[in-house]
Amino acid sequence: MALVRDLLGHFDANLAVLEERLGIEAVVNGTAIALRGPVEACAAAKVILEHLYNRLAAGETIGVGDVAGAVRHATAADVAESGVRPKAQQIKTRKRVITARTPAQSAYLECLQNNDLVFATGPAGTGKTYLAVAFAAAALESGLCDRLILSRPAVEAGERLGFLPGDMREKVDPYLRPLYDALYDTLGSERVERGLETGMIEIAPLAFMRGRTLSNAMVILDEAQNCTAVQLKMFLTRLGEGSKMIVTGDPTQVDLPKGQDSGLFQAIEILRGIDEIGHIAFANADVVRRELVGRIVAAYDAASQSERPDAKPLVEPSPAERTTDAPGAGED
């Protein structure tokens with residue numbers, strides 16, 4: 001009974017999401033749930049409820065976001081063609097099990113497993129950075145790498161932070177805070193602090209990467225849309241033996257000075273088609289932070305296109321390219 005209660009959610013909130021997303025009616029009678037509506041939608045709802053129940057039985061916790069994610073996987077565009085519902089990929093970290101909430105996130109995790117260099121682009125709220133850090137943390141915990149190296153270019157988003165007091169570490173920490181947050185959420189504060197003290201976890205601005213060879217490590221470059229072509233080439237050529245590198249960026253949030261082009265998209269194009277290099281391009285539909293964020297992103301995109309009617313979309317590429325450029329990776 002407790003599992004059914006958790007499945008339904010507080011005040012049946014989980015069930016309400018299922019009803020709204022699939023256009024069905026769900027009636028609860030004790031531990032039984034009756035589904036009414038279109039046959040295909042009810043079949044999808046049955047699969048989703050069974051999947052979520054099994055996750056609860058395995059000791060996981062679920063919320064509204066997990067229900068929405070399960071619906072996205074069950075109703076993905078390619079499901080209608082193949083009849084096969086894609087399995088949501090998972091990462092098991094010290095603190096929790098993280099389950100992909102969109103087919104693109106599942107493709108991202110699979111791409112990370114199959115490639116040594118992965119680019120992830122897309123709007124805010126799609127989980128690009130969080131999943132990259134979680135994947136890296138899981139690799140560290142399982143002994144697949146010796147250390148984590150996380151970096152960002154120190155470019156202000158319209159502010160000037162150079163006047164802040166403190167040494168170099170204290171000045172750059174504000175830029176790197178999202179990486180810290182993801183680490184604490186996946187490894188726990190004690191493990192993170194111990195890793196930072198021993199050098200097993202290193203968080204540093206991009207400028208600190210020059211001249212290094214990064215071996216046996218999981219290396220993440222976040223906010224790469226704020227790298228110039230020279231900076232990104234420098235970073236990519238740091239990749240050493242036994243390492244994986246993940247490069248994330250949002251094409252709609254370039255904060256480089258006027259007249260400077262982002263090197264991220266140039267790098268993706270130059271390296272397209274090379275084995276062991278993958279590219280996942282998230283779209284507005286993949287925003288999972290909350291639905292309101294997705295609507296904000298869509299509104300800004302619409303406003304941008306109306307101002308520049310001949311401009312190409314900022315979030316690329318086509319759905320067929322959204323998985324990866326490397327063969328065999330990112331398939332559901």
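Reply: Happy to! One term to begin with: contact means heavy atoms within 4.5 Å. Also keep in mind that this is a predicted model.

Me: Got it. Which residues in α2 meet which in α4?
Reply: On the α2 side they are A13, N14, V17, L18, R21 and L22, and they meet V64, V67, A68, V71 and R72 in α4.

Me: And at what angle do helix α2 and helix α4 pack?
Reply: The angle is about 30°, and the axes are 9 Å apart. Angles under 35 degrees count as roughly parallel, so α2 is roughly parallel to α4. For finding them, α2 covers residues 13-22 and α4 covers residues 64-74.

Me: Is the crossing of α2 and α4 left-handed or right-handed?
Reply: The crossing is right-handed.

Me: New topic: how many aromatic pairs does a search of the whole structure find?
Reply: Two aromatic pairs turn up. In one of them, Y108 and F282 sit edge-to-face, 5.4 Å centre to centre with 85° between the planes.

Me: What does the pair of Y108 and F282 tie together?
Reply: Y108 belongs to helix α6 (residues 103-114), while F282 is in the loop between β10 (277-281) and α12 (291-307), so the pair ties together parts that are 174 residues apart in sequence. Both Y108 and F282 are buried.

Me: What about Y180 and Y184, how are their rings arranged?
Reply: Their ring centres are 6.4 Å apart and the planes are at 25°, so this pair is stacked. Y180 and Y184 are both in helix α8 (residues 168-187), four residues apart, about one turn of the helix.

Me: Are those two buried or exposed?
Reply: Y180 is buried, at 2% relative accessibility, whereas Y184 is partly exposed, with a relative accessible area of 23%.

Me: Last one: which loop does F11 lie in, and what is its phi?
Reply: F11 lies in the loop between α1 (2-8) and α2. Its phi is positive, about 55°, although F11 is not a glycine. F11 is exposed, with a relative accessible area of 75%.

Me: And where is N216 found?
Reply: N216 is in the loop between β7 (201-205) and β8 (217-221). Phi of N216 is positive as well, near 50°, in a residue other than glycine. N216 is partly exposed, at 37% relative accessible area.

Note on methods:
Residues are numbered from 1 along each chain as its sequence is written. This is a predicted model: local features need pLDDT of at least 70, side-chain atom pairs count only at pLDDT 80 or more; totals for chains, interfaces and linings use all residues. Side-chain values use heavy atoms; hydrogens and water are left out. Rings of Phe, Tyr and Trp (its six-membered ring) pair if their centres lie within 6.5 Å; planes under 30 degrees apart count as stacked, over 60 as edge-to-face and the rest as tilted. Helices (H or I, at least four residues) and strands (E, at least two) are DSSP runs, numbered from the N terminus. Buried means under 20% relative accessible area, exposed over 50%, partly exposed in between (1.4 Å probe, protein chains only). Axes are lines fitted to C-alpha atoms, for helices over the stretch in contact, and angles run from 0 to 180 degrees between N-to-C directions. Angles under 35 degrees count as roughly parallel, over 145 as roughly antiparallel, 65 to 115 as roughly perpendicular and the rest as oblique. A crossing is left-handed if the near helix is turned anticlockwise from the far one by less than a right angle, and right-handed if clockwise.
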